[in-house]
Amino acid sequence: MTFQQLRSRRKVENTPASKAKGIGGTPQLWTLLDLEMRTKQVPVLWAFVLLWNLYISSSQTVYPGIKARITQRALDYGVQVGTKVMEDMAKEIVIPDLKGSESLEFLKIDYVKYNFSNIKINAFSLPNTSLAFVPGVGIRALSNHGTANISANWEVRAPLFQDSGAADLFLSGIYFTGIVVLTRNNFGHPALELQDCHAQVSHARVSFSGGLSVLYNSFAEPMEKPILRNLNEMLCPIAIDQVEAFNANISALEVLTKIDNYTVLDCSLLSPPEVTENHLDLSLKGAFYPLESLVDPPFLPAPFELPESRDSMLYIGISEYFFKSASFAHFVTGALEITLSTKEISNYFNQNTQGIGSVLSKIAEIYILSQPFMLQIMATGPPVINLHPNNFSLEFPAAVAMLTQRENSTIEHIVSMDFIASTSVGLAILGQKLICSLSLNRFRLSLPENSHRDAKVVRFENILSSILHFGVLPLANTKLQQGFPLPNPYNISFVNSDIQVLEDFLLISTDLTHETSSKQQPNLHSWGGLNLVNGPWREQPTH
């Protein structure tokens, strides 16, 4: 039975008609639980949140919830992987027809019109390529001594003749340099722009086949000069087109990811990437929101700095704000509420604690005279997150009540009280997932005002302690072991990963590896089985 059903039932139980039917309306039960008051607190909380957003919407600095740092080691590995990718991509580039006319003085022909069509790159090599950071600008790409094998169809026309056939073109001395400028568009996507492009092919050797190819090959050398001239004019426009195509791809991706039925995660860029001599930093929003609203939580992210280390390819800092926003979003959406029956509790124990649940279930039934019971747990506030060096803790403030349902369907209150459960969070990276686990440090029970600690309370404490230790936490950890999928852009996975808990943020240090065997299509934000949010979110402005 859900809390929504229970709340609906409460309205029915407290009516004269329901009491006449014998449905046990017990006003003191709900007075003790004070659930109605807690429910009414949510609209008040939302009003406070809206006022808070109006207050902070002035010219305040917005700090990121997530920072990512790319080092020179990542660029060097990018050259290794990217060169192979570019060589494969080059074979798929559509090259426009190469047309023109030339005078062949040695044949005393005033002009010959030529057309190279169906141009295809069959082999492409960039043996000497490097990437380097340009502070405040972007990344410089430099490549020389490249080669390419190209095939094409050819056609020539002169005043006295015309002919056609096939041709093979070998290019050498390919040189390219340019700066990829990194920016941010209005919707928080990264954007690229190619500046200071210079590309040149030093040598070309053409070989004709078909038609009068034997004749043409004898004077192919004079035709290589116009081919080089036209080809060199095309190279930078082709490179710019490829960058623009990449921009179109990443701008179509959503920066909001649906995490569950209650929340979405915003990973939009807050500002253009910051480039220094040794690294590139990305500042991401890194905030959870309720599924139905993009209202910021009533607290601000604190600034944090990534360590000046270059040992790993990639560093990811996840701030305390990231976890606090997740906690707040799940609380205000009612995700932190649960009602369990005796059968459900027993099933959870049996599935997760090797049969001990049946014993605990019998003990619980003895304590309440062997009558079926329901356990209600409802968060009274957002779980409190604390990140300190080598210590990730979570405190869960909640109200808990034990109810029993008699044979005549009357619901009777057994006991209720508030408690705070304090847990430690263990973290690990396995493959492409962030794995979490909870361990209970302590829990504290507090009675409502004017209540006394009697035998019934002691029994309830024993039952709740067993349920928390042997049922709830193992069940939660089983779900957490499924892990949180980490981004897998272009089939790049994390290896040699390390995770540290520092003051106010979590630091992931990792190297990268490219999975060449994967058939997955390139996708900048590939989040496993999670759903990308589309529809109205697309036009939402970033904060």
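Which residues have the most contacts inside the largest nonpolar core? The legends below start there. The model shown is predicted.

**View A. The largest nonpolar core holds 32 residues.** Those with the most contacts inside this core are Phe288, Ile316, Ile318, Phe322, Phe323 and Phe392. Several elements each supply at least two residues. Two of them are helices: H5 (72-90) and H8. Strands contribute as well, including S13 (314-319), S16 (384-388) and S18 (411-430). Strands S19 (433-446), S21 (492-502) and S22 (505-514) also belong to this group. Helix H8 gives the most, with four residues.

**View C. Phe288 and Phe322 form an edge-to-face aromatic pair.** The structure holds eight aromatic pairs. In the pair shown here, the rings of Phe288 and Phe322 lie 5.1 Å apart, centre to centre.

**View D. Four phenylalanines join into a ring cluster.** Ring pairs link Phe288, Phe322, Phe323 and Phe392. Beyond its neighbours within four places in sequence, Phe392 contacts Phe323, Ile385, Asn386 and Leu387, among others. Its contacts also include Thr423, Ser424, Val425, Leu427 and Val501.

**View E. Cys197 and Cys236 form the one disulfide of the structure.** Their sulfur atoms are 2.1 Å apart. The torsion about the S-S bond is about -95°, so the disulfide is left-handed. The bond links distant parts of the chain, with its cysteines 39 residues apart. Cys197 lies in strand S7 (residues 190-209), whereas Cys236 lies in helix H7 (residues 220-251). Are these two cysteines buried or partly exposed? Cys197 is partly exposed, at 23% relative accessible area. Cys236 counts as buried because its relative accessibility is 14%, under the 20% limit. Another cysteine, Cys267, is buried at 16%.

**View F. Lys67 lies over the face of an aromatic ring.** The ring belongs to Phe304. Lys67 is 5.3 Å from the ring centre.

Methods
Residues are numbered from 1 along each chain as its sequence is written. This is a predicted model: local features need pLDDT of at least 70, side-chain atom pairs count only at pLDDT 80 or more; totals for chains, interfaces and linings use all residues. Side-chain values use heavy atoms; hydrogens and water are left out. A disulfide is a pair of cysteine sulfur atoms within 2.5 Å. Buried means under 20% relative accessible area, exposed over 50%, partly exposed in between (1.4 Å probe, protein chains only). Rings of Phe, Tyr and Trp (its six-membered ring) pair if their centres lie within 6.5 Å; planes under 30 degrees apart count as stacked, over 60 as edge-to-face and the rest as tilted. A charge sits over a ring if NZ of Lys or CZ of Arg is within 6 Å of the ring centre and within 35 degrees of the ring normal. A nonpolar core is a set of buried Ala, Val, Leu, Ile, Met, Phe, Trp, Tyr and Cys residues joined through side-chain atoms within 4.5 Å. Contact means heavy atoms within 4.5 Å.
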